[in-house]
Every structure is written in structure tokens, then in C-alpha cells.
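Grab a pencil and keep the structure open beside you.

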Amino acid sequence: RKPVVAVVGRPNVGKSTFFNKVAGKRISIVEDTPGVTRDRIYVDAEWLNYKFTMIDTGGIEPDSKDVILSQMREQAQIAIDTADVILFMIDGKSAYTTGDEEIALMLQRAGKPVILTVNKVDNALPNEFYYDYYNLGLGEPFLISAINVLGIGDLLDEIVQYF
Ligand code: GDP
Ligand code: MG
């Protein structure tokens with residue numbers, strides 16, 4: 001089977017925007033039921049000579065803030081169980097949250113490759129939080145702007161190294 005890359009992150013960090021930029025052909029759209037976004041949750045992607053499947057574990061997102069954290073734990077567990085590489089996405093417009101810290105710890109302990117991705121860094125330059133990201137214990141943060149398509153090539157280069 002093709003390598004699986006799972007994207008984990010709080011709602012609104014830009015997972016779907018990122019997906020749409022990387023999207024290939026076969027795409028599944030989740031059912032049109034209440035509380036279920038119509039985002040693409042599976043994407044066939046290709047980079048250089050590598051083919052892989054990307055999963056948006058946050059494709060089904062909660063309405064209520066109360067369930068965000070428990071849902072993130074669940075997402076992270078799905079990623080740990082199914083992915084070859086985990087992309088943990090956070091929002092570069094603000095400092096990371098305690099929820100982000102908790103998920104980072106879970107991912108750290110899983111023993112799988114985890115790539116810390118900071119989205120919404122629209123000029124792709126280190127922002128005011130840059131050195132704080134190292135405290136998440138996931139190594140070098142990759143700064144990207146899904147909207148401006150900045151940093152995505154370097155990120156994909158890093159992802160395929162683990163295949
Ligand atoms: P998801 O909930 O993680 O899937 O996030 P979405 O992809 O739905 O994006 C949430 C919001 O963040 C939307 O308003 C996007 O337009 C915005 N967004 C996504 N990527 C970027 C980015 O690179 N820069 C900025 N400034 N906004 C972004
Ligand atoms: Mg989404």
C-alpha cells in the first residue's frame with residue numbers, strides 16, 4: 001500500500017486549505033450530515049516520484065468547543081494507529097495552546113515520525129513565536145502558508161524522506 005500521511009490539528013488551523021493545495025485526483029467527500037464538514041478527507045498526492053495518501057483526521061469537526069480537545073485526542077490516536085508520517089498542524093497567528101501541547105506530547109510518545117507544521121505564516125519568515133515552537137518537543141518547525149503556497153515544497157520534501 002501507499003504510505004499514509006495523517007494531518008492532525010485543531011479546527012481552523014488550515015488543514016483543508018492545505019489539503020486542497022496538495023490534492024490529486026481520487027478524493028472522498030464526507031457525507032452531508034449535520035456536524036460533518038464537506039471537506040476532502042482523503043487525498044491522493046504525489047511529490048517527485050512518491051505517491052502517497054493524505055488523511056485529514058479532522059475532516060469531521062465538532063460544533064462545540066467542549067469536544068474539541070477530546071476529538072483532538074481521538075484524531076491523534078487515529079493518526080498514531082494508521083499513519084506512516086504524522087503532520088501536526090498549528091496556527092502561526094497565535095501562540096500554541098495547552099491543547100496543542102497535550103497533543104504534541106501524545107505524538108511524541110508514539111514513536112512515529114511527526115512533522116510540526118506551522119501554518120498561516122504568510123511570508124514564510126520566522127514569526128514572534130518561532131523559538132517557542134521548539135518547546136513542543138517535535139523538532140524543527142516547518143513554516144508554511146497554505147493560502148500563499150509558501151513552504152509547501154520544503155515540507156513535502158521532508159515528508160517523503162520518511163517513506
Ligand atoms: P481547518 O479547520 O483546519 O480545515 O481549516 P481551514 O482550511 O478550513 O481554514 C480555516 C481558516 O483559516 C480559513 O478562513 C482559511 O482561509 C484560513 N487559512 C488557511 N490557511 C491559511 C494561511 O496560510 N494563511 C492565512 N492567513 N489564513 C489561512
Ligand atoms: Mg477542515
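**Exercise 1.** In which loop is Ala124 found? Work out its setting.

*Solution.* Before you start, note that this is a predicted model, where local features need pLDDT of at least 70, side-chain atom pairs count only at pLDDT 80 or more, and totals for chains, interfaces and linings use all residues. Residues are numbered from 1 along each chain as its sequence is written, while chains are lettered from A and ligands numbered from 1 in the order in which they are written.

Step 1: Ala124 sits in the loop between S6 and strand S7 (142-143). Helices (H or I, at least four residues) and strands (E, at least two) are DSSP runs, numbered from the N terminus.

Step 2: look at the backbone. Ala124 is not a glycine, yet its phi is positive, at about 55°.

Step 3: check the surroundings. A residue is buried if 20 or more other C-beta atoms lie within 10 Å of its own, exposed if 12 or fewer, and partly exposed in between, with C-beta atoms placed from the backbone. Ala124 has 18 other C-beta atoms within 10 Å, so it is partly exposed.

**Exercise 2.** Why does Leu48 count as exposed?

*Solution.* Step 1: find Leu48 in the loop between strand S3 (40-47) and strand S4 (50-56).

Step 1: count. Leu48 counts as exposed because it has 9 C-beta neighbours inside 10 Å.

Step 2: note the phi of Leu48, near 55°, which is a positive value in a residue other than glycine.

**Exercise 3.** Describe the order of the elements along the protein chain.

*Solution.* Step 1: count four helices and seven strands.

Step 1: read from the N terminus, and you get β-α-β-β-β-α-β-α-β-β-α.

**Exercise 4.** Which residues of H2 are buried, and what do they pack against?

*Solution.* Step 1: check the length. Helix H2 (residues 68-82) has 15 residues and spans 21 Å from first C-alpha to last, close to the expected 21 Å at 1.5 Å a residue. That expected span is 1.5 Å times one less than the number of residues.

Step 1: list the buried ones: Met72, Gln75, Ala76 and Ala79. They share a side of H2, because they cover an arc of only 95° around the axis. The arc is that of the directions from the helix axis to the C-beta atoms.

Step 2: turn to the other side of H2, where Ser70 and Asp81 are exposed.

Step 3: find the partners. The buried residues of H2 pack against strand S1 (4-8), strand S5 (85-91) and helix H3 (98-110). Two residues are in contact if their C-beta atoms, placed from the backbone, lie within 7 Å.

**Exercise 5.** Repeat this for H3: which of its residues are buried?

*Solution.* Step 1: H3 has 13 residues and reaches 19 Å from its first C-alpha to its last, close to the expected 18 Å.

Step 1: its buried residues are Asp100, Ile103, Ala104 and Leu107. They fall within an arc of 105° seen down the axis, so they line one face of H3.

Step 2: Thr98 and Arg109 are exposed on the face turned away from that buried side.

Step 3: the cover over the buried residues of H3 includes S1, H2, S5 and strand S6 (114-119).

Step 4: just past H3, Gly111 has a positive phi of about 75°.

**Exercise 6.** How many residues has the largest nonpolar core?

*Solution.* Step 1: the answer is 41 residues, and Ala6, Val8, Ile86, Leu87 and Phe88 have the most contacts inside this core. S5 gives the largest share, six residues. A nonpolar core is a set of buried Ala, Val, Leu, Ile, Met, Phe, Trp, Tyr and Cys residues joined through C-beta atoms within 7 Å.

Step 1: zoom in on Ile86. Leaving out residues up to four places away in sequence, Ile86 touches Ala6, Val8, Ala79, Leu107, Lys112, Pro113 and Val114.

**Exercise 7.** Which residues come nearest to ligand 1?

*Solution.* Step 1: of the 15 residues around ligand 1, the nearest are Gly14, Lys15, Ser16, Thr17 and Ile147. A residue is near a molecule or strand if its C-beta atom, placed from the backbone, lies within 6 Å of it.

Step 1: helix H1 (residues 15-22) gives the most to this shell, with three residues.
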